[in-house]
Structures are given as structure tokens and as C-alpha cells.
Amino acid sequence: MPALAHALLAALKDHGAREIFGIPGDFVLPLFKVIEESDILPNVTLSHEPAVGFAADAAARYHGGLGVAVVTYGAGAFNLVNAIAGAYAERSPVVVIAGAPGARERVSGFLLHHQARTVDTQLAVFKEITCDQAVLSDPVTAPAQIARVLRSAREMSLPVYLEFPRDMVDAEVEAVVPLPSRQANQEALGECVEEILGRIERAVRPVIVVDVEIRRYGVEDRIAALARKLALPLVTTFMGRGLLDKADDVVAGTYLGAAGDPAITQLVEDADLVLMLGVILSDTNFALSNRAPDPRRMILAASREVQIGHHVYRDMPLGDLIDALDDRATKRTAPTTLPRQRTAYPRGLVADGQPIAPSDIATAINDMFDRHGRMPMTSDIGDCLFTAMEIDNTALAAPGYYAGMGFGVPAGIGVAATGLRPLVLVGDGAFQMTGWELGNCRRYGLDPIVVVFNNCSWEMLRVFQPESRFNNLDDWHYADIANSIGGTGERVATRAELVAALERAAQRRGQFSLIEVMLPRGKTSDTLARFVAGFKSARERMTK
Ligand code: TPP
């Protein structure tokens, strides 16, 4: 019979985990020893637990399996809370494995180091931000608990929590047998699909809107095929930016309401049927809309439910729904009144001595993609994410809904650990939070390209409240520090320097590259400028 630690690692692998991110502590040292020596999954340690959570989250987003974060009891696990809250909000299946006291310690009568209130406060906190939990303290029940919790993570595409008491590492257990996934009721599915196809048939201006769940459930290709078959225009949400990056013929652009390409905004807002697939109905995705969500013109398939008008079909996995739609749909020709709108992304930056504006970065990156091929991206929250909307629709992981700072760099490390070379976009404020994790790249041979938007400012806050001096940040010369932590840093202030630095970074392999782009305070990307204007006018509308 395998030891529990081995059984758990094998089960993680069987359920789609490809790597482990973590930081050890005494409550997980024995488990880390097994992780390292068993070599079942590669292990990447970082410097601070928030980064562990972000990296695991981004790895899951990219490879479509499970992300894994292993941390110590209390001090380690509580440090992970914000990252897991973000993963929950944005539907990323991260398995939190937290060390915990062993059975004897729990009843020792002492307060234990890292304990916050009761021994189980950690479990109580994680219950709020995970969809399933288990404490692996009983060798008889542990394998079934692991199978249940890992299936929940996969089926719900949400974080889960496994607490691993440190005295359980060597406990002998049965192997973990994966549980079959739960499928839709066929009759309900048939009825649902007929209803959707009927609505599409009757619609004059239908449109598909897609968001992150379609990647989480691995149905992007099938949705692209369906959109082609039904001849339906398709857009992504803000959060869903980067989806269907291999189906340029299908994706018209990204819906940003008042901040976006007017043709795309019209496509969605004038539609008489909006088929929302895997969409998070959040303010960042829809608050700049001129129209409130209207159930009469909307079908929403998300979180294993399909809502049509005022009724709901429950237990409808997205994959089953798309397969059934594809089975029953017949090829449709687009009405001639339905031109496919496409967003054109800027190209051809003039490499001159002019200062750099944020939108110039997008143009320079598009030019670099033309020369070297598109790169997968991660972005932090800040003007860098709005700038990303001006870059070609390449794969992107970003906190577009939860909007927590500090995601970009560790997420890039997570993506790099999956074997890809990412381009990371990050503001100086966010870089101050987690940017130093780049110092871990050399140990693992990772070579992301990081573009720091250095405006010496919390510019996203300044745009809403320009009078506050606290938005001014100091100039930390990030490029200089990059050179002392295993990478190459370059600071650029003109468009010519930017173009040259990006080219050098594209060619430099085997170490991280940091390009510190100096930007004037008060100058935002064109997209953020439109977003702020749209936001302010929406606020005025609401307060009138
Ligand atoms: N803390 C976290 C963890 N997340 C947040 N979103 C905020 C605080 C509030 N916040 C939103 S944007 C922002 C802050 C503090 C400033 C971001 O600054 P920077 O990363 O330099 O990007 P810029 O706004 O200049 O583009």
C-alpha cells in the first residue's frame, strides 16, 4: 500500500496537475521531502506565498489541468488567502495543500506556533474561498476524500483545500481511484439545446460572448467550430481576453462597452440574442455597457448551469452542452446584414527619439510578434492590462475581474514553469509587490520577458483622484536591480530604445529580461482613457 504522500502526489498527477509551487515550513517539511525525492511532479519554490498562489493559478489557466500550491500551516496558508480568493473569483482550479499539526500536537494543551485562533481556523478561512475541502487525518477515508475533492476542483473549476497533518505523510493508504465525472441529464440537455438553437434561429442579430470558463473546461476549439458552423459573430469579454487565440477568423474583438471598439460594442449591445458561454457577469466585464443585462435577450451558460430567459437548467457541464449543440446544429449561413467586425491592432511604431506613451508599448509588441511570433502573456492589473487590449489576441492570464495587484510576475513564472516563454506586463506599483520573485528564475532556467510600465505612479488611482499626492511613487530603477538577481535589465525612455530593447530581449534566452519603460505620469493608454471617460459618464448617469 502506498504512503499517503505518494498516493496524493500520484492522484494530483492523474487529475491533471503538472507541477507544484510551494514554500516549505516545519509543518510540511516531511511532505516536501517526498515531493522532492519521489519526483512525481516537478517542484518550484518561490519567495513569498502570494506568488505561490498566483503561479499555481496561472499554470492551471495555461495548461487546463490543476494548479497546486503547497504551504505550511498558518503563516504560510494565510499568506495564500488573497491569491486563492482571486482564483475562486476567476474560476481557476488551484489545489491548496496546507500543512497542519499532527494528531498528538492538536491535543497537547499548548497553543501551536502559526496558530491564529483555534487549530481549525485555517480550515474555516479556506472554506470561504474553496469549493471543497478535506482534512487528511484518517488513512481509511483519505483516498476517497482526495478523489472527491480533486473531482470537485475539475468539475467546478474552482480552488479546493486539502489539509495534510504532518504525522500522516507515511501513513499507508489505498491508492486514490479517480471518480467518473458527472454528466448532464440527457433529456434535460436535449431540451436545453433545442431551446437554444430555436432562439438562435429566430434571432436577427445574434452574437456569442465568451469568457474564461471556456478555457478552464477545454472547449475553446469546439466553440470555435460551433461559431463557424452557426456563422455567429463572437467576442470575448475583458476577463476573457486572450481566449481563442488560435481562431482569429472567429474572434471579432473584445467587448469593452463604452471603452472599446465602437463596432464591437454595437455588435453586443444591438444584438437581439447574446449567447454567453462561460461568462462571469461582473462589473469589469459589463458595467460600461449602455444596457443592463436583459434576461429576454440573453442565454448564460456558466458554472454548470444554463439560464435562458427566466428559467435555469442545472448540472449542465459546458463541454456536454457544446457537444450537444454541435451535434444538433445544422450549418447556417450568416445573414448578409451581419458583417464580421474585426478589431485592428496597431503596428509600425516609429523608432525615433520621442518619449514613450503606453499605447506605443502595444504597437512595439505587435511589431515584435510579427518578427518573432506571438508570445503568451500574463498581465497585472493597471494600465498595462488596458494596454494589453491593444495587443494582438494572444493567450493571456490576468486578474481582469478580481483586479488584485501582484499577479503579473508570479503568474509569468507559473506560465514559464509549464514550458512556455511568457511576456509579462506589469506596472511599477504592482512590481513593487511581487516583482522580486524574478530572482527565482535563474534556479529553474526560466526566461520570461518582463515589461515594467514605470510611471512612478499608481496611475489607475490617479485617473480617478488626481489631487492625491500619495499616488506618486519613487523611482526605484528596477532595471538596475534585475542585473543583480540573475537577469538582464534595460531602462528605456524613447521609442527607438524600446524597439531595440524588445528585440534584444526576444533574442536573449536562458535568463529573464526586464525592460523598464519610463512613462510620463498622467499619460495612460488610449483604452484606459476611454475606460475612465466611460466610467465617469456611467457614474453620472447613475447619480442623476
Ligand atoms: N492592492 C491590491 C492587492 N490590489 C489593488 N487593485 C489595489 C491595492 C488598488 N489599486 C488598484 S490599481 C492601483 C492600486 C493601488 C495602482 C496600480 O499601480 P501600478 O501597478 O503602478 O499601475 P498603474 O496604475 O500605474 O498603471
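**The second largest pocket**

Modeller: Let's start with α23, which gives the most to the lining of the second largest pocket, with 6 residues. This is a predicted model, where local features need pLDDT of at least 70 and side-chain atom pairs pLDDT 80 or more, while totals for chains, interfaces and linings use all residues. Numbering runs from 1 along each chain as written, and side-chain values use heavy atoms, with hydrogens and water left out.

Helix α23 spans 526-543, and α13 (283-286), α16 (383-388), α18 (428-434) and α20 (459-462) likewise each supply at least two lining residues (helices being DSSP runs of H or I, at least four residues). The volume of this second pocket comes to about 820 Å³ (a pocket is an open set on a 1 Å grid with protein on both sides within 12 Å along at least five of seven lines, lined by residues with an atom within 4 Å of a point). Of its 40 lining residues, F386, M460, F464, F531 and F535 are the closest to the centre. By class, the lining splits into 23 nonpolar, 9 polar and 8 charged, with Gly counted as polar and Tyr and Cys as nonpolar.

For reference, the largest pocket holds about 950 Å³ of space. It is lined by 41 residues, with G64, R215, R216, Y217 and G218 closest to its centre. There the largest share, 5 residues, comes from α11, and the lining divides into 16 nonpolar, 9 polar and 16 charged. Helices α3 (49-63), α8 (142-156), α10 (213-216), α11 (220-230) and α14 each put at least two residues into that lining.

Terms used:
On a 1 Å grid over the protein atoms alone, a cavity is a set of points where a 1.4 Å probe fits but cannot get out, and a pocket is an open set with protein on both sides within 12 Å along at least five of seven lines; lining residues have an atom within 4 Å of a point. Grid points are joined across faces, edges and corners, and a volume is the space filled by probe spheres set on the points.
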